[in-house]
Amino acid sequence: LGGHLARVNAVRIFNDNIHLSGSYDRTVRVHDIRVPRFPVQILSEAGDSVECIDVGTESGLIAVGSVDGHVRVYDIRAGQLSTDALGGPVVELALGRDAQYYAAAVLPGTVRLVDLQGD
């Protein structure tokens, strides 16, 4: 799997065939391992290096954390993107099991819990 223009910082497996990689080149590349030469989709909204990715296989959500201080949550089933500004570089994140929230580690040393339902 390839295609990034800089080092890869994060990888996640969505299902048996779909793998994601995030890079210093500010992109997440979605790869179908049955067609390994080219990504099937490129998510290029990050304003700086992509540091972390998590996926909700049942919910169809892809959460991406970036040095630009934002978490972007892609709902691939609904074709929607939501963005949260967290105030510092996002270096790790994890979607909750029910994909209704996520936790993000934000430099210099904060953990933020974010409700995705907006209530």
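Colleague: Is Asp25 buried or exposed?
Modeller: Asp25 is buried, at 16% relative accessible area; buried means under 20%, exposed over 50%, partly exposed in between, with a 1.4 Å probe and protein chains only. This is a predicted model: local features need pLDDT of at least 70, side-chain atom pairs pLDDT 80 or more, while totals for chains, interfaces and linings use all residues. Residues are numbered from 1 along each chain as its sequence is written, and side-chain values use heavy atoms, leaving out hydrogens and water.

Colleague: Which residue forms a salt bridge with Asp25?
Modeller: Arg29, with the closest N and O atoms 3.9 Å apart. A salt bridge here is a side-chain nitrogen of Lys or Arg within 4 Å of a carboxyl oxygen of Asp or Glu. Arg29 is buried too, at 10%.

Colleague: How many salt bridges in the whole structure?
Modeller: The search finds 5. One of them pairs Arg12 with Glu92, again at 3.9 Å between the closest N and O atoms. That pair links distant parts of the chain, 80 residues apart: Arg12 is in strand 1 (residues 8-13) and Glu92 in strand 9 (residues 90-95). Strands are DSSP runs of E, at least two residues, numbered from the N terminus.

Colleague: And what about Asp32 and Arg34?
Modeller: Their side chains meet in a salt bridge at 2.7 Å, N to O. Asp32 is buried at 10%, whereas Arg34 is exposed at 58%.

Colleague: Other topic. Where does Ser66 lie?
Modeller: In strand 6, residues 61-66. Ser66 counts as buried because its relative accessibility is 0%.

Conventions
Helix = DSSP H or I, 4+ residues; strand = E, 2+ residues; numbered from the N terminus.
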